[in-house]
Amino acid sequence: MSLSSVLPRRIFPWFGCTAVCVLALGLTPVNAQPAEDSAATPAGSEQVQRPQGQLPLQELRNFTEIFERIRTAYVEEVDDKTLLEYAINGMLTSLDPHSAYLQPEAFSDLQENTSGKFGGLGIEVGLEDGLILVVTPIDDTPAQKAGIRAGDLIVSLDGEAVMGMSLNDAVERMRGAPGSEITLEIRRKNEKELLTFTLARAEIKVASVRTDMLSGNVGYVRITQFQEHTGSELAAAIEDWRSKGNLNGIILDLRNNPGGVLDAAVEVVDSFVSKGLIVYTKGRTPSAEVSYSATNHTAAGDVPVVVLINGGSASASEIVAGALQDHQRAVIVGTQSFGKGSVQSVLPITEDRAVKLTTARYFTPNGRSIQAQGIKPDIWVEQSEVTPYEQRFYKEADLPGHLSNPTRKEEKTQDKNAKTADTATSADASGELLKKDFQLYEAHTLLRGVTILSPRPEA
């Protein structure tokens, strides 16, 4: 349930030792100056700059002093192992909202998230002003069915305030056995009172790709999360559509998609782009400098594409939208995306523990950083419901004694053929779905306009 980070599918081995490791093992820091050298420095004088890689002795002394005081003076006894794990966790969570120390359960949860099956409530969360921010509820999960929305702030869990609680702790509290209940208090924009939701936990199985055919032979693809097989599932759906007949356009819905596996995002872009850069990363180490380019195999060919995004579209979703926008391969419709443009690498420490560390930033093909900026849509469309206004007009055909139309018979035949083509599509998708979803309605209208204006062979 934690905010899905875009993770390279290869896992970097990590070797090294932090200040905590040094103290725990009783080792002398490498290249450290003798203690008397530091003590000889007059108080208030300018400290001599240490060579790169040398550990700060005074800060290490501070750490050991605080560590010892907690051991001896804290109201309850805490064992040394737990204190050291707290120190590691605090060191990582202080870096940025996405770095974390993954203990056995959290490490297992992360692996389950990328495979598309895990237990809990079905919400992707982050931190904002000390509260738990709902980035997005996942489709067909307890959270989504209960009415929890992207942008909601979780204030308490089972009556316990989340202020001051780490993201990992909050996630652990929201997880539990399927069927067990948890009560959330939520602060929602434009609501004066806190909202209370009691949810029954469930096993969350995320269907990555969902497809439908809208009227006018416009294919609709909803990607809920980028998983290992997302790219291949999307390509198979597009090829199936094209094999069955004319495909006039594709709507790629990435709204409330929190991200997922990097390689899957690259494969999705590759289904629409036949050459050029897709995304690249920049970091401090050579392994963090990575770029991905398109291949010649493009499932969608030159079929027009519209991509839907909103404030819940994060990470891998922004990579896809940014790449298609830079290549001028798709029109981006909706509202500005979340703005998570950082790379998290999983660095194993033992078989069941790892560090999730931010190691690089993402950049679109044109060199735009996604971080804290997001993707701005080409056409800004806020979400609302479609409510047609009915008004009765009298027409020429309603007047008594009107002249007949000599081409009417031919037009009726053409109308019948058009209706036959439309009824071959999903009635629910082309009707109810478009009525309930204004952003999708606008995207569909845009693609229908492109189809109408596209060159056609002469009769």
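This is a predicted model: local features need pLDDT of at least 70, side-chain atom pairs count only at pLDDT 80 or more; totals for chains, interfaces and linings use all residues.
Ala, Val, Leu, Ile, Met, Phe, Trp, Tyr, Cys and Pro are counted here as nonpolar, Asp, Glu, Lys and Arg as charged, and the others, Gly among them, as polar.

## Basis of the description

Residues are numbered from 1 along each chain as its sequence is written, and side-chain values rest on heavy atoms, with hydrogens and water left out.

## The second largest pocket

The lining of the second largest pocket divides into ten nonpolar, 14 polar and 14 charged residues. A pocket, on a 1 Å grid over the protein atoms alone, is an open set of points where a 1.4 Å probe fits, with protein on both sides within 12 Å along at least five of seven lines, and lining residues have an atom within 4 Å of a point. The space in this pocket comes to about 1,400 Å³, the volume being that filled by probe spheres set on the points, which are joined across faces, edges and corners.

Of its 38 lining residues, A150, R255, N256, N310 and Q383 are the closest to the centre of the second largest pocket. Two or more lining residues come from each of β4 (131–137), β10, β11 and α12 (427–436), and β4 gives the most, with four. These elements are DSSP runs numbered from the N terminus, helices being H or I of at least four residues and strands E of at least two.

Six strands form an open sheet of mixed pairing in the order β10-β11-β12-β15-β16-β19, where two strands pair if DSSP finds at least two bridges between them. Because β10 (209–214) and β19 (379–380) stand at the edges with a single partner strand each, one side of each is left without a neighbour in the sheet. Strand β16 (residues 331–334) runs parallel to β19 and is joined to it by two bridges, with G334 opposite W380.

Helix α13 (residues 438–453) lies across β10, β11, β12, β15, β16 and β19, at about 165° to β15; axes are lines fitted to C-alpha atoms, for helices over the stretch in contact, and angles run from 0 to 180 degrees between N-to-C directions.

## Strand β18 and its partners

Strand β18 (residues 354–363) pairs with β1 (residues 100–102) in the antiparallel sense over three bridges, in which A100 has K356 as its bridge partner. Four bridges join β18 to the antiparallel strand β13 (residues 277–283), where K282 is partnered by R361.

Strand β17 (residues 342–348) is also antiparallel to β18, over seven bridges, and S342 stands opposite R361. The hairpin of β17 and β18 has five residues between its strands.

## Packing of α8 against α9

Helices α8 (residues 230–244) and α9 (residues 262–270) pack at about 20°, with their axes 7 Å apart. That angle makes α8 roughly parallel to α9, a term for angles under 35 degrees. In contact, meaning heavy atoms within 4.5 Å, T230, G231, S232 and L234 of α8 meet A264, E267 and V268 of α9.

How values were computed: Angles under 35 degrees count as roughly parallel, over 145 as roughly antiparallel, 65 to 115 as roughly perpendicular and the rest as oblique.
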